[in-house]
Amino acid sequence: MENKIIVAGIGPGSGEYVTPAALNKIRLAKFLVGGKRALAEFSTANQITCAITRDLDAPINFVREKILLGEVVVMVSGDPGYYSMLDLLRKNFPPSMIEVIPSISAMQLAFAKIALPWHDATLLSFHGRQPARAALEYSAGKILGLLTDAEFNSATISKILIDCGWSGNSSVTICARLSYPDEKIFTTTLEHAAQSLPVKHCILIVK
Ligand SMILES: C[S@@+](CC[C@H](N)C(=O)[O-])C[C@H]1O[C@@H](n2cnc3c(N)ncnc32)[C@H](O)[C@@H]1O
């Protein structure tokens, strides 16, 4: 039987959001891939590990080599199906070799934190990309949930949204470091966020 690549979501950060299913696979893994923070938290001395850095060839080559010897577990933040290394793994290995363990996305946690259902929200990513202008344009009742990065942060995105027809008085909730002890969640206006110090790598909920 072919060995599987297990892509395990580890939630938004804090260990309390890691599912028992993911934890079980991570603990049993002989070959473990993940970001440095995840490896520091979950790996043990008897596991053979590979860190995910900017050089994405390294973890892919590690998986290609180790999968011949046994199951490889790849830890990704949040949910694997939502902007993770799963895309790259699917480009390099057939889906039949991949098993995904879903988890809680930072986006889900952000909406949960403000007790706002997300079934009607438009979810878009500014993480290393820019959504199409049409998707960002204002319409009455629209709710946006946005992933950000360092360049596209709370300030730059607020300016873009005002340019896309949103009122400066629209509400933006900035959710940073979700689930960590220094989690910060606050609501302000787009106008104010556009002129304030940028918050990077956070979730923005705009309505
Ligand atoms: C490449 S995406 C990964 C999304 C991940 N797969 C998920 O489902 O949450 C990285 C972005 O997710 C958001 N993010 C991830 N963890 C976060 C956290 N703990 N608090 C706030 N935003 C977070 C930030 O916008 C960050 O730049």
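**Close-up 1. Secondary-structure elements in the shell around the ligand of the predicted model.** In total, 23 residues surround the ligand, and the closest are Gly78, Ser105, Ala106, Leu147 and Leu178. By class, this shell is made up of eleven nonpolar, nine polar and three charged residues. Because domain 1 (5-104) and domain 2 (107-206) both supply residues to the shell, the ligand lies between them.

**Close-up 2. The contact between domain 1 and domain 2.** The protein chain is divided into domain 1 (5-104) and domain 2 (107-206), whose C-alpha centres lie 28 Å apart. Seven residues from domain 1 and nine residues from domain 2 take part in the contact. The side of domain 1 that touches domain 2 comprises five nonpolar and two polar residues, with no charged residues.

**Close-up 3. Alanine 115, a residue other than glycine with a positive phi.** Alanine 115 sits in the loop between H5 and strand S6 (122-125), and its phi is near 50°. Most residues other than glycine have a negative phi. Alanine 115 counts as exposed because 6 other C-beta atoms lie within 10 Å, where the limit for an exposed residue is 12 or fewer.

**Close-up 4. Histidine 201, in the loop between helix H8 and strand S10.** The loop that holds histidine 201 runs between helix H8 (190-195) and strand S10 (203-206), and histidine 201 has a positive phi of about 50° although it is not a glycine. With 13 other C-beta atoms within 10 Å, histidine 201 is partly exposed.

Note on methods
Residues numbered from 1 in each chain as written. Predicted model: local features only at pLDDT ≥ 70, side-chain atom pairs only at ≥ 80, totals over all residues. Domains from an automatic or database assignment. Contact = placed C-beta atoms within 7 Å. Nonpolar A, V, L, I, M, F, W, Y, C, P; charged D, E, K, R; others polar. Near = placed C-beta within 6 Å. Helix = DSSP H or I, 4+ residues; strand = E, 2+ residues; numbered from the N terminus. Buried ≥ 20, exposed ≤ 12 C-beta atoms within 10 Å, placed from the backbone.
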